[in-house]
Amino acid sequence: MDLEVIDKIADRYKRKESALIGILQDIQAQYNYLPKEALLHIRERLSIPLTHILGVATFYNIFTLKPRGRHLINVCMGTACHVKGVVRILEKIERELGIKTGETTADLRFSLEPIRCLGCCSLAPVVKIDGDIYGKVKQEKVSRILKKYE
Amino acid sequence: MIKLTIDNREVEAREGATILEAARKVGIEIPTLCYHQALTAYGACRVCTVEIIRKEWSRLSTACTYPVQKGIEVKTNSEKVKRARKMILEMLLARCPNVKKIKDLARDMGIEKPRFELDNEECILCGLCVRVCEEIVGVSAIAFFNRGTEREVNTPYEINSDVCLGCGACAVVCPTEAIKAEDIKEIRKIPLWHTELKKRKCRLCGEFFAPEVEIDFLKKKDARLGEEIFETCPSCRKKELGNKILYTNSRRRKYV
Ligand code: SF4
Ligand code: FES
Ligand code: FES
């Protein structure tokens, strides 16, 4: 790991503990997750206990300590999508990728995570991949959608 | 000084004192679980809930965090308080049905069996261990991680912490005895924190008396004390000191 990258991020926030969330966001943007080595380095740079860093990192859902895939699949588990049979879509994706919800494929291509109501219930069932929204998803369409992401 | 009434008694307290402190000073008992006078109040357990009436407006709040105010009327045992405290203990008991301290407090409130689904936790997430480790010991080896129902106290990455001294202060303050510090020959263990540390041998009696990292930590804090004191167990230290005093006294003042 290039620790200079981490240094730059810490310096950008003047190495202040009050900016910890911003620092962690930037690290996560860089690596797609919060690598342990990076957090240990931040501890030295900011001279703060590791417990403070991990307290924040495990509190917010946006942070993850495990490597995430290059593409994030969010399956909407909101009420409308549930009624419209999203569970079958989710199962189809799980089968297709050979992973369970909350896991990442071995080739780091996809991470699969549930989400609560994306706010476009009229399109239910809804699947979001990175920034793209897929509405009225049918089981047969799943593999074609996944193929678009490398 | 600030004047207020607690359970119909006129009480005076210094500005900035909490209701709990004011009450304890005059001997009024309020139950607590997450409070320790040496640590920052945290308001986690809610067991110290009291009723506060101010300008005819009644509210419930935690006595350990609420600063005294002029003219307020505090009730530590009103119906409203009892109802709230009972509910709080019922929930705590459902979480920790096998913890003696919780069982006793709940029984005091007349609860034998909670209506809720039982868990089997020992920790009530009071945060005393986290606070003593940060505020008194000064290493912050443990902390709260995760959120909501997942919230727990642990070490980073749930492995042995590289800053834990094995001092056992957390085990001392824990109200539920969820933390156990144990000594197995030359090893100090705190299983909950995955801590296993080698202890140092006393240069006089040969007993293993404290974790090496703890001693080195203290040494760094006060180097003036000299090397020897850090190689000697507390009871040998006392003996040595006693002998020194006896010796000098007998020479100087012929007391013994
Ligand atoms: S382990 Fe004990 S002291 Fe620490 S939070 Fe839990 S109950 Fe409180
Ligand atoms: S329930 Fe899925 S978008 Fe609202
Ligand atoms: S003692 Fe006041 S909230 Fe725990």
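## The sheet of chain A

In what order do the strands of the open sheet of chain A stand, and how do they pair? In this predicted model, the open sheet has 4 strands in the order S2-S1-S3-S4, and the pairing within it is mixed. The edge strands are S2, residues 110-115 of chain A, and S4, residues 132-134 of chain A, each of which pairs on one side only. From one strand to the next the twist averages 20°.

Helix H6 of chain A, made up of residues 86-97, packs on this sheet and touches strands S1 (71-76), S2 and S3 of chain A, while its direction makes about 155° with that of S1(A). Strand S3 of chain A, which covers residues 127-129, pairs with S4(A) in the antiparallel sense over 3 bridges. Within that pairing, A:Val127 stands opposite A:Tyr134 in S4(A).

## The sheet of chain B

Chain B also has an open sheet, with 5 strands in the order S2-S1-S5-S3-S4 and mixed pairing. Strand S2 (9-13) and strand S4 (57-62) of chain B stand at its edges, and because each has a single partner strand, one side of each is left without a neighbour in the sheet. The twist from one strand to the next averages 30° here.

Strand S3 of chain B, residues 49-54, is joined to strand S5 of chain B, residues 73-75, by antiparallel pairing over 3 bridges, and one pair of bridge partners consists of B:Glu51 and, in S5(B), B:Lys75. Helix H2 of chain B, residues 79-95, lies across S3, S4 and S5 of chain B and runs at about 150° to S3(B).

## A hairpin in chain B

Strands S10 (residues 195-201) and S11 (residues 208-211) of chain B run antiparallel and are joined by 3 bridges. The bridge partner of B:Lys199 in S11(B) is B:Pro211. The hairpin that S10(B) and S11(B) form has 6 residues between the strands, and in this hairpin B:Gly206 takes a positive phi near 80°.

## The surroundings of ligand 1

What kinds of residues make up the shell around ligand 1: nonpolar, polar or charged? The shell divides into 9 nonpolar and 2 polar residues, with no charged residue present. The residues that surround ligand 1 include the cysteines B:Cys123, B:Cys126, B:Cys129 and B:Cys174, and among the others are B:Ile124, B:Leu125, B:Val153, B:Pro175 and B:Ile179, together with B:Gly127 and B:Thr176. Ligand 1 itself sits in the second largest pocket.

How values were computed
Residues are numbered from 1 along each chain as its sequence is written. Chains are lettered from A and ligands numbered from 1 in the order in which they are written. This is a predicted model: local features need pLDDT of at least 70, side-chain atom pairs count only at pLDDT 80 or more; totals for chains, interfaces and linings use all residues. Side-chain values use heavy atoms; hydrogens and water are left out. Two strands pair if DSSP finds at least two bridges between them. Helices (H or I, at least four residues) and strands (E, at least two) are DSSP runs, numbered from the N terminus. Axes are lines fitted to C-alpha atoms, for helices over the stretch in contact, and angles run from 0 to 180 degrees between N-to-C directions. Contact means heavy atoms within 4.5 Å. A residue is near a molecule or strand if one of its heavy atoms lies within 4 Å of it. On a 1 Å grid over the protein atoms alone, a cavity is a set of points where a 1.4 Å probe fits but cannot get out, and a pocket is an open set with protein on both sides within 12 Å along at least five of seven lines; lining residues have an atom within 4 Å of a point. A molecule sits in a cavity or pocket if more than half of its atoms lie within 2 Å of its grid points. Ala, Val, Leu, Ile, Met, Phe, Trp, Tyr, Cys and Pro count as nonpolar, Asp, Glu, Lys and Arg as charged, and the others, Gly among them, as polar.
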